[in-house]
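Here is my note on the model, as numbered points. Please read it with the structure open.

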Amino acid sequence: MVRGKTQMKRIENDTSRQVTFSKRRNGLLKKAFELSVLCDAEVALIIFSPRGKLYEFSSSSINKTVERYQKKVKDLGLCSRGIQDNTQNGKDGTISIQKKLEHLDISKRKLLGDCLDACSIEELNQMENQLERSLTKIRARKNQLFKEEIEQLREEEKCLLEENNKLREQCGIDERGSTRKEDENEVVTELSIGPPEGRIT
């Protein structure tokens, strides 16, 4: 015969319920013992019958196992609270960052000339002073960049002149643009008027 699947509900017949309890209790105690031996696990099993009778099994000591369980639950509770606190702190930090970003966005718009209707004279004076300080720094930085660029151009001009002079020396060209050989071969001519015997120079 094939055993049918047991329905998971309370057994109404007292005798059948007591028999089932005894069989399953013994099987559960056996499985607990096997688990502790085969897997070297610390196992504690406590069973109360419907009539209140105690059945227990422990691989070491029931009291020690229960104390270990309570300590573990306490540690897990503290850890859980710590995680909740950290989560709450993270949420508070996120809200704070969002508020700062909103404040920075409003300040930026005001500096660009928007959202000025709700500003007081004092706030407008503060923004004006801030803009003047910013313009001063911008102009100073701009002048510095101009000076650095001029110095760089002067250095480049100097390098080009030196390179040009070296090339002139290598090619034998003077500052007028004529070569040395042309100067050496230059012929002096004279202009004379009249017959050969009576030239007038």
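The points below go from the overall fold to single contacts.

1. **Basis.** This is a predicted model: local features need pLDDT of at least 70, side-chain atom pairs count only at pLDDT 80 or more, and totals for chains, interfaces and linings use all residues. Residues are numbered from 1 along each chain as its sequence is written, and side-chain values use heavy atoms, with hydrogens and water left out.

2. **Elements.** The protein chain has 4 helices and 2 strands. Helices are DSSP runs of H or I with at least four residues, strands are runs of E with at least two, and both are numbered from the N terminus. The order from the N terminus is α-β-β-α-α-α.

3. **Burial and surface.** The protein chain has 201 residues, and 8% of them count as buried. Buried means under 20% relative accessible area, exposed means over 50%, and partly exposed lies in between (1.4 Å probe, protein chains only). The accessible surface of the protein chain is about 18700 Å². Carbon and sulfur atoms hold 54% of that surface. Areas come from the Shrake-Rupley method with a 1.4 Å probe; for residues, only the protein chains shown count as cover.

4. **Contact range.** Take the contacts in the protein chain with a separation of 6 or more: 14% of them join residues 24 or more positions apart. A contact means heavy atoms within 4.5 Å.

5. **The hairpin.** Strand β1 covers residues 44–48 and pairs with β2 in the antiparallel sense, over 5 bridges. Two strands pair if DSSP finds at least two bridges between them. There are 5 residues between the strands of this hairpin. Among them, G52 takes a positive phi near 95°. Across the pair, L45 stands opposite F57 in β2.

6. **Two faces of β2.** Which residues of β2 are on its covered face, and which on the uncovered one? Y55 and F57 make up the covered face. L54, E56 and S58 make up the uncovered face.

7. **Aromatic pairs.** The structure holds 2 aromatic pairs. Rings of Phe, Tyr and Trp (its six-membered ring) pair if their centres lie within 6.5 Å; planes under 30 degrees apart are stacked, over 60 edge-to-face, and the rest tilted. One of the pairs is F33 with F57, edge-to-face, at 6.3 Å centre to centre and 85° between the planes. F33 lies in helix α1 (residues 14–39) and F57 in strand β2 (residues 54–58), so the pair ties together parts that are 24 residues apart in sequence. F57 is buried, at 17% relative accessible area. F33 is partly exposed, at 45%.

8. The charged end of R25 sits over the ring of Y55, 4.2 Å from the ring centre. The test asks for NZ of Lys or CZ of Arg within 6 Å of the ring centre and within 35 degrees of the ring normal. K30 is in helix α1 and is exposed, with 54% relative accessibility. K30 and F57 are 27 residues apart along the chain, yet their C-alpha atoms are separated by 9.4 Å.

9. Side chains of opposite charge can pair when their charged atoms come close. A search of the whole structure finds 5 salt bridges. The criterion is a side-chain nitrogen of Lys or Arg within 4 Å of a carboxyl oxygen of Asp or Glu. One of them joins R68 and E42, with the closest N and O atoms 2.2 Å apart. R68 is in helix α2 (residues 62–111) and E42 in the loop between α1 and β1, 26 residues apart, so this pair links distant parts of the chain. R68 is exposed, at 54%. E42 is partly exposed, at 34%.

10. Leaving aside residues up to four places away in sequence, T65 touches E42, A44, S58 and S60.

11. **Salt bridges within helices.** K71 pairs with D75 in a salt bridge, the closest N and O atoms being 3.3 Å apart. The two are 4 residues apart in helix α2, which means a separation of about one helical turn. K71 is exposed, at 53%, and D75 partly exposed, at 36%. In helix α3 (residues 121–171), E151 and R154 are 3 residues apart, about one turn. Their salt bridge has its closest N and O atoms 3.6 Å apart.
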